[in-house]
Amino acid sequence: MKNIKEKNKILDLFIPCIVFVFALLAWEAIVSLKNIPIYILPPPSAIFTKLVEDRALLFNSLLVTLSVTLKALALATVSGAGLALLLAQSKAIERALLPFAIILQVTPIIAIAPLLLVYLEPAKAVLVCAFLVAFFPILSNTALGLASVDSGLRDLFELYHASAWQKLIYLRLPAALPQFLAGLRIGGGLSLIGAIVAELAAGAAGQGTGLAFRIVEAGFRLDIARMFAALTLISATGLFIYGLLALLTYYLLRNWHESARDQTE
Amino acid sequence: MTAQRLVSLQNVSKTYPNGVKALENINLEICAGETLTLLGPSGCGKSTILRLIEGLAQPSGGEIFWHDQKIKNNLGAVFQEATLMPWASVFDNVYLPLRLQGHTLVQAKSAVEESLENVGLSSFARALPRELSGGMKMRCAIARALVTKPALILMDEPFAALDEVTRFQLNDDLIHLKEKLNATIIFVTHSVFESVFISTRIVVMSKMQGAIIENFEIDRSIRRDENFRLSQRYSELSRQASTALNHAMGLSRGK
């Protein structure tokens, strides 16, 4: 039984890898067979070569984008979870802040990137845009988690005359953790999108050194291989953030929550 | 000798905000050492009585009178579900009531261990709730209810979701624990056999009137063991409770 399970695990990893490599080979073959010029569609080998050739430039930009994204995510996490806690304390505060929450939710925040660029210097505008995009899912998920505590456990805490602080620490925070982490995973992906969009907007104004700006710049020069190289690094950044947060979720919830246990069984 | 009264319900009524009348003019006294079972069809207000005594709901009319405030402030409760914190170990779940009362881990450790020992879960102290069977989860909930050494324990259909064998086993364990800890228990159940086996008094309630329609004592001197389950007396008492329950259900259907 154990052998079959392990075999299945290896197959689960092996099959997607094979398919991915096969897709790259097919791409390479089609470009070569059809003689597609490199300035239309570069083959994977050319993109890889470009990554190596321009490594100093591209990795520098990668660090800029990654640092902005992580900073924005950290800010969004602290303020989103903090505000959710504040909202959970009183219905009056929740009601007072509701219009802002709804406006934040329904407005595609990236549409205000050009406006942010008017008010702030580009680096700050990019950070604020990425922060705003990541903020709402963290806020709403944490608030939902704090509000959806098992009614039996709530009764139990009531029975033992738990203080508001005890309820928060021993009941509501741990109960909200799965929802908070779900919000964090969404926020992680969105903060990268926010950073890239703001960089694109800022890049058009001739500023910034993030990966998105490298794409715009390479586009002007018809350096399609470098565009793809930068795009590859953006994908890698997204994967890295997603992987990091998935790992965090797994370690925090694996023992007790179904969402993390599914991945282990 | 008159037994010491713990809590008295005097003309207690409960109407929910949606207009549903759960209880009407309930008069009930609970005395020390009793195992009082509330028996009745679904929706007859049995659980509401427990919630009122627990202070989780307030009566719409009448009064709940505590003869000793200390007892009110230290109740033990077991709900229909085990209601364990899924993120906390068995030990931490049992430690919770003491933790909420301000006891440090060092102060509470021996009480928690004793409580786990009482329900036979000592070797599972580090386990998480998901690693336990349904019966073990309920044992954990019982250990938690007992850890503060309450004089009054309220149990709301705690074994309803368990299989027959586990249920019998937990009934036996409950009898032993009650004797050992000298506790008073108010127990809610649908099951005639369970009520007869564990109770010293059975109160039968009807949904139609949201009221008590029968109240009978079972001799405390009877030993509650396997012999009792097979005895003539057990059959007679079961028949008596069953007849009362049928009467209550007839009333509920408006017969």
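In which sense do strand 3 and strand 7 of chain B pair, and over how many bridges? The points below begin with that pairing; the model discussed is a predicted one.

1. Strand 3 (residues 35-39) and strand 7 (residues 184-189) of chain B run parallel to each other and are joined over 5 bridges. Within this pairing, Leu39(B) is set opposite Thr189(B) of strand 7.

2. The two strands belong to an open sheet of 6 strands in chain B, whose order is 5-6-7-3-8-9 and whose pairing is mixed. Strand 5 (75-78) and strand 9 (211-217) of chain B each have a single partner strand, so one side of each has no neighbour in the sheet. From one strand to the next, the twist of this sheet averages 15 degrees.

3. Chain B also holds an open sheet of 3 strands, in the order 2-1-4, with antiparallel pairing. Its edges are formed by strand 2 (21-31) and strand 4 (61-66) of chain B, each of which pairs on one side only. Here the twist averages 10 degrees from one strand to the next. Strand 1 (residues 5-15) of chain B meets strand 2 in the antiparallel sense over 7 bridges, and Leu9(B) has Leu28(B) in strand 2 as its bridge partner.

4. Is helix 1 of chain B enclosed, and by what, or open? Helix 1 (residues 46-54) of chain B is largely enclosed by the rest of the structure, because 7 of its 9 residues are buried.

5. Turning to chain A, the chain has 11 helices and 0 strands. Its C-alpha trace spans about 75 × 65 × 30 Å along the principal axes. Of the 265 residues in chain A, 36% are buried. Among contacts in chain A with a separation of 6 or more, 74% are between residues 24 or more positions apart.

6. Which residues touch the most other members of the largest nonpolar core? In this core of 134 residues, they are Cys129(A), Ala130(A), Ala134(A) and Ala198(A). Helix 6 (residues 122-147) of chain A makes the greatest contribution to the core, with 16 residues. Beyond its neighbours within four places in sequence, Ala130(A) contacts Val68(A), Thr69(A), Ala72(A), Ser191(A), Gly194(A), Ala195(A) and Ala198(A).

7. Helix 6 of chain A also packs against helix 3 (residues 55-89) of chain A: their axes come within 7 Å and cross at roughly 35 degrees. The crossing of these two helices is right-handed. Their contact has 21 nonpolar, 5 polar and 1 charged residues.

8. How many residues does each chain bring to the contact between chain A and chain B? Chain A brings 12 residues and chain B brings 15 residues. On the side of chain A that touches chain B, helix 7 (151-159) and helix 8 (164-204) of chain A each provide at least two residues. Helix 7 of chain A gives the largest share of that side, with 6 residues. By class, the residues of chain A that touch chain B are 7 nonpolar, 3 polar and 2 charged.

Definitions and conventions: Residues are numbered from 1 along each chain as its sequence is written. Chains are lettered from A and ligands numbered from 1 in the order in which they are written. This is a predicted model: local features need pLDDT of at least 70, side-chain atom pairs count only at pLDDT 80 or more; totals for chains, interfaces and linings use all residues. A residue is buried if 20 or more other C-beta atoms lie within 10 Å of its own, exposed if 12 or fewer, and partly exposed in between; C-beta atoms are placed from the backbone. Helices (H or I, at least four residues) and strands (E, at least two) are DSSP runs, numbered from the N terminus. Two residues are in contact if their C-beta atoms, placed from the backbone, lie within 7 Å. A nonpolar core is a set of buried Ala, Val, Leu, Ile, Met, Phe, Trp, Tyr and Cys residues joined through C-beta atoms within 7 Å. Two strands pair if DSSP finds at least two bridges between them. Axes are lines fitted to C-alpha atoms, for helices over the stretch in contact, and angles run from 0 to 180 degrees between N-to-C directions. Ala, Val, Leu, Ile, Met, Phe, Trp, Tyr, Cys and Pro count as nonpolar, Asp, Glu, Lys and Arg as charged, and the others, Gly among them, as polar. A crossing is left-handed if the near helix is turned anticlockwise from the far one by less than a right angle, and right-handed if clockwise.
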